Each structure stands twice: as C-alpha cells, then as structure tokens.
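I opened the model and kept notes as I went. The entries follow in the order I looked things up.

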Amino acid sequence: MWYRSFAMKRVSIGVSLVIAAALASACGKDNPAEKTGDGTLLTPYLAIGDTLASDKLDALDKLGAQVIQAAESMQGQPGVDAMVQGAGRVGAQDIQTARSAFQKMSGGMIEYLKANPDAQSGNTIVHCPMTFGGKGGLWVQPQGKVMNPYEGAMMLHCGDKLDWTAELPQT
C-alpha cells in the first residue's frame with residue numbers, strides 16, 4: 001500500500017512541475033517588439049532575423065516600425081534608405097514577402113555597418129548560397145551558430161560567415 005501512496009505523490013509532484021513549467025514558459029514569452037525599442041536600427045533588425053529564423057511572423061510589423069522610427073534621425077547615412085524600404089514591408093502576412101523585405105533590409109544593414117565599423121562588434125555577415133532559388137542571400141546576425149532567417153527550419157544552420165572586410169558574393 002505504501003508504494004501506491006508514494007506513486008500518487010510522485011505523480012502529483014510531476015504534474016505540479018509540468019504545470020509550473022508551462023506557466024513560467026507562458027509568462028516568459030515576451031513580445032519581441034517590447035525588448036527592442038532602444039532607438040537603434042540594429043536591435044529590431046536582429047529581432048526580425050530571429051523571428052524569421054523561427055518561421056514566425058510575430059510582431060514583425062512593430063519591429064519594422066521601430067526600424068523606421070530609428071532611421072528618422074539617420075537619413076542620408078549609407079544603407080538607411082534600403083532598411084526603411086524593407087522595414088515598411090517586413091510586417092507582411094506571408095513569410096515569403098517578409099523574408100524578401102528582410103533581404104532588402106539586410107543589404108542596407110550591411111552597407112550601414114560597413115560605414116560604421118564601431119557598430120559591427122559582436123555581429124557577423126552570413127551568406128546562404130541556396131536561398132531565393134539559388135541566388136543566395138546575405139544577412140547580419142550575432143556571432144555564434146548560424147540561424148538562417150531566409151530558410152528557417154528547412155535549412156536553419158545553412159550559411160557561411162564572412163569577414164567584414166571580405167568581398168561579398170552577389171545575391
């Protein structure tokens with residue numbers, strides 16, 4: 001009999017732990033746009049890349065708006081116009097359009113960061129030669145494991161890291 005009581009307590013504790021973990025997970029799911037409103041171009045741009053790498057569209061419209069707002073004070077700097085053009089479309093309701101808009105933003109971000117080397121720290125350029133029908137795509141992401149925003153789960157880690165001084169492949 002004692003084993004039945006012990007087993008019931010273990011099940012009860014296990015269920016409690018599962019419920020607690022689910023609640024903690026649900027409470028920890030912050031809106032990506034809430035963490036990125038720091039007035040920079042780079043922070044919401046990186047959040048957009050993370051969101052697309054996760055095959056999601058969550059808050060892309062808000063993140064795009066943050067890029068546009070940050071760009072207002074940076075007009076005329078290299079790459080800013082391309083980032084604004086892409087940011088205006090990145091909140092699309094389909095992932096292919098959002099990824100295409102991110103590609104436009106990425107070209108602008110790379111141009112901007114090449115002109116502002118102090119802002120490159122901790123980030124790298126990545127190239128996936130297989131995306132966009134074999135035309136390839138470039139993006140900026142934090143250093144570490146490649147997280148492909150253009151292919152998501154299909155080819156999440158596909159991409160070659162490039163040095164900031166490297167000649168970039170045509171895409």
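Which residue in β2 stands opposite Asn123? I found Pro142 there.

**Ground rules.** This is a predicted model, in which local features need pLDDT of at least 70, side-chain atom pairs count only at pLDDT 80 or more, and totals for chains, interfaces and linings use all residues. Residues are numbered from 1 along each chain as its sequence is written, and side-chain values use heavy atoms, with hydrogens and water left out.

**Strands.** I looked at β1 and β2 next. They run antiparallel and are joined by six bridges; strands pair if DSSP finds at least two bridges between them. Helices (H or I, at least four residues) and strands (E, at least two) are DSSP runs, numbered from the N terminus. I checked cover on β2: five of its six residues are buried. Buried means under 20% relative accessible area, exposed over 50%, partly exposed in between (1.4 Å probe, protein chains only).

**Val67.** I found Val67 in helix α3 (residues 60-71). Its relative accessible area is 0%, so Val67 is buried. Not counting residues up to four places away in sequence, Val67 touches Leu41, Pro44, Tyr45, Ile48, Met83, Ala87 and Met105. Contact here means heavy atoms within 4.5 Å. The C-alpha atoms of Val67 and Leu41 are separated by 5.2 Å, though the two residues are 26 apart along the chain.

**Gln120.** Why does Gln120 count as buried? Because its relative accessibility is 13%. Gln120 lies in the loop between α5 and β1. I noted contacts with Leu113, Lys114 and Trp164, not counting residues up to four places away in sequence.

**Lining.** Last, I asked which element supplies the largest share of the lining of the second largest pocket. Helix α5 (residues 95-115) does, with five residues.
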